[in-house]
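Good morning. Please look at the sequence and the structure on the screen while I go through a few places in turn.

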2 protein chains.
Amino acid sequence: MHIETEIEELITDTIVDLLTERKFSELKSIISEMNPADIALVMSELPEERIAIFFRLLPKDLAAETFVEIDTDMQEDLIHTFSDAELREVFNELYVDDTVDILEEMPAGVVKRILKNTDKETRHVINELLQYPEDSAGSIMTTEYVRLNSSLTVSDALAVIRRSGVEKETIYTCYVTDNNRIVTGIVTARMLLTSSPDKIIEDIMETNVIVAKTTDDKESVATALQKYDFVALPVVDDENRLVGIVTIDDAIDVLQEEATEDIEKMAAITPTEKPYLKMGTFGLFLSRIPWLLLLMITATFTGMIITGFESSLASQAVLIAFITMLMGTGGNSGSQSSVTIIRALSLEELKLSDIFRVIWKEVRTAILCGSVLALACFAKIWLVDRMLLGNSEITVLVDAVVCISMFITVLVAKVVGAILPMLAQAVKLDPAVMASPFITSIVDVLSLIVYFRVATLLLGI
Amino acid sequence: MHIETEIEELITDTIVDLLTERKFSELKSIISEMNPADIALVMSELPEERIAIFFRLLPKDLAAETFVEIDTDMQEDLIHTFSDAELREVFNELYVDDTVDILEEMPAGVVKRILKNTDKETRHVINELLQYPEDSAGSIMTTEYVRLNSSLTVSDALAVIRRSGVEKETIYTCYVTDNNRIVTGIVTARMLLTSSPDKIIEDIMETNVIVAKTTDDKESVATALQKYDFVALPVVDDENRLVGIVTIDDAIDVLQEEATEDIEKMAAITPTEKPYLKMGTFGLFLSRIPWLLLLMITATFTGMIITGFESSLASQAVLIAFITMLMGTGGNSGSQSSVTIIRALSLEELKLSDIFRVIWKEVRTAILCGSVLALACFAKIWLVDRMLLGNSEITVLVDAVVCISMFITVLVAKVVGAILPMLAQAVKLDPAVMASPFITSIVDVLSLIVYFRVATLLLGI
């Protein structure tokens, strides 16, 4: 099946038909060949009253894998239709970290019912995982990994994997621990498969092991997995004991979520985890209105500056027409810098100690950009506004006021845009909130002050 | 070693000291325990004249792995110091897809020299891979995968992996093909390790195989790997023959690069692949100035509208003070919508056919946001500007003009902000260029027209 095949449209119709005609055995054979992610897509398109029937047609393991992929609302609805036996069946098949992800989104009553239906040991693990802070490595790790003893032979180790591997989230990296559960090495399935069977684990294991702590930020952990090209990373507690692993599939989800969050914050939206089409109108409204209100209030400062300058503007009305262009160009210059810096910080390409290199780079770039913009602006105003459109209010001095202001504004905007995200990082705030809209508000005020100051000086108003 | 240890500062100093004192054997034993990604970090901090000496201290396989991690300029410098024998040594250890990535960034002379020093078969593969368009699946795939025959037993298959696995990029997913190289199934290392040795591959393989075409967009392929939680995805040619695989580590890099590109485009920056600190001032300038110039020119339209309205504004100068707030709020409202839609399109959460659902959702959200903003604005202007600051030019009618314009502007901005990225997608443009700055320019013009129209109607000016 090709990745770009439009699964939903192709298959959903057939499935709805088969459901309606109650041709369940035919349906079963179709869906048992499908991927969990695709089945979840089909379910999102099914009429609500058919979802529970459809879900019961899935073979046990596929049902559990699909359950992880469907959205929270549908999970909750399905749980309400489950008998206790069905609930156990689904949740027994799940990896513990997936169960925890689901529980975190469920109302208390549902959580209780699920916990009641898991065995004591799993319940204990779940409760521990639920304690970790939302953005920590602990919250995304799984406790189902393969642990090996360093004195085993390769063929013993393969036997361990053969016996217990089915239930582990990954068997591709196995962890060698000592009696205190301290990680002393890692062995990949690749090392095991390409070493001779009688070798001892201790002799082939990689001893330079990179670990994360349960309290580490989950984004750093995901970035480390990407940086080192690992498929899993061990997570240890405060006493350095192995307590879980973070696998690459969860790391990708974290990186994508964080990128989305950054993008949303940069556009002055409160991040949400739901995909766009799942968000209700009121949810969208709530994620957007606080920032709009805040930015509207701060924008009134520009209004106050303009009002304070009103009498001078009345005598030189021509200056009004250039306010929006100046503010716009300043805002754009500032957001270019801030967004670049925010992304570099988030990709860990920049450290706080780089701040002076950053400022120096931005100053030089700003001088280049500012000069070109000022010259282009001067020429455009003279050629178009003065000569072509014949606006006689425009003198060389007026044109100079606009262009000098332009140069200073670009310089200020780029430096402010670069510094603020780094300062935010320094005081442990999220640099992303310092993006375009915030910078623009500040630059708007600054550019007006510059403009009116330059005008006062040169035009003597 | 903990992921957050500041490798560079901790180790670089020691390494520089050892290099200066020419204590090479001690140095060798330290670096041979390190990770390629960390060694590359250390190298980026070394004085230029020491890099070549340092690199020669690395054991052969580590040298090759490190070579992939360092940046293009350093790769090129190193290649110039290599003898042909050294060049062969490094490139023979590399996976073909990494070689191709490096070649794509090198000047023609260097490419020639590298190709001259690879064996005929590899050269042939490299040349083929170099043909694929830059953003295609073909350009990121590797040709080193494990191919199996469906009639093998599990233990035969494990023997094949043991024999040839060392040279393959992944052994965790193996591909079963027929005589025409058509993929008939996949077998994971996990399936092999947890099945009994005498089973036949045909009986345990997964036959529902999802494939990508060499010409598919690399971002779609990466998204598919994320969606299905695969560690590798097979790539086929036009005749459906298996020609390569895309592995998860390359997929993550693609997803991160694409997110960075989207973010840069949203901030009106021409995307570049270099990290911030590696970009020269002139490079930064070039990536930023075209958009600044373009947006400055379009901003002059707002100036022209204001000029056209100058005489009316002279009679009602109080209206000037609200221009920036109106334009700002409009711009912010529009970018919220456009950025949300752009990200949803890029995550494949939205399809073009959803456009009417999107518009309807945005209209309702805009009515909520617009109402709240208009009311807040009305109250603020009346309470602060009129009563607190005693600006007697502000009448109820003036206040109403501002707030009605605010409501209409928000509505228009959100709808335009949502529609434009989808239209861009429809005509195969990148939706990301329709982000904040572009939307803001359009909304600026629209909000002024709305403002002056409403003012003319209500105030009769």
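I start with one residue, B:A321, which lies in helix α19 of chain B. Please keep in mind that this is a predicted model.

Is B:A321 buried or exposed? The cut-off for buried is 20 or more other C-beta atoms within 10 Å. B:A321 has 25 of them within that distance, so it is buried.

What does B:A321 touch, if we leave out residues up to four places away in sequence? The answer is A:G303, A:I306 and A:T307. For a distance within chain B, take B:F438: it is 117 residues from B:A321 in sequence, and the two C-alpha atoms are 24 Å apart in space.

Those contacts lead to the interface. How many residues of chain B are in contact with chain A? There are 99, and they meet 99 residues of chain A. Helix α19 of chain B, residues 320-346, gives the most to this side of chain B, with 16 residues. Sorted by class, the side of chain B that touches chain A has 56 nonpolar, 24 polar and 19 charged residues.

Next, how the two chains are related.

Now a residue in chain A. A:T409 is found in helix α21, which covers residues 396-426 of chain A. A:T409 has 30 C-beta neighbours inside 10 Å, and therefore counts as buried. Which residues does A:T409 touch, again without those up to four places away in sequence? They are A:L326, A:T329, A:G330, A:S447 and A:V450. Another residue to look at is A:M327, which is 82 residues from A:T409 along the chain, with 8.3 Å between their C-alpha atoms.

On to a sheet. In chain B there is an open sheet of 3 strands, in the order β1-β2-β3, with mixed pairing. Why is one side of β1 and of β3 left without a neighbour in the sheet? Strands β1 (147-148) and β3 (183-188) of chain B stand at the edges, and each has a single partner strand, so one side of each has no neighbour there. In general, strands of a sheet pair through backbone hydrogen bonds, either parallel or antiparallel. Strand β2 of chain B, residues 173-177, pairs with β3(B) in the antiparallel sense over 5 bridges. To find one of the positions on screen, go to B:V176, whose bridge partner in β3(B) is B:G185.

I end with two loop residues. A:R22 sits in the loop between α1 (7-20) and α2 (24-31) of chain A. Its phi is near 55 degrees, a positive value in a residue other than glycine. A:R22 counts as exposed because it has 8 C-beta neighbours inside 10 Å, and the cut-off for exposed is 12 or fewer.

The other is B:D229, in the loop between α15 (218-228) and β5 (232-236) of chain B. The phi of B:D229 is also positive, near 55 degrees, and this residue is not glycine either. With 19 C-beta neighbours inside 10 Å, B:D229 counts as partly exposed.

That is the end of my part.

Definitions and conventions: Residues numbered from 1 in each chain as written. Chains lettered and ligands numbered in written order. Predicted model: local features only at pLDDT ≥ 70, side-chain atom pairs only at ≥ 80, totals over all residues. Contact = placed C-beta atoms within 7 Å. Helix = DSSP H or I, 4+ residues; strand = E, 2+ residues; numbered from the N terminus. Nonpolar A, V, L, I, M, F, W, Y, C, P; charged D, E, K, R; others polar. Pairing = 2+ DSSP bridges.
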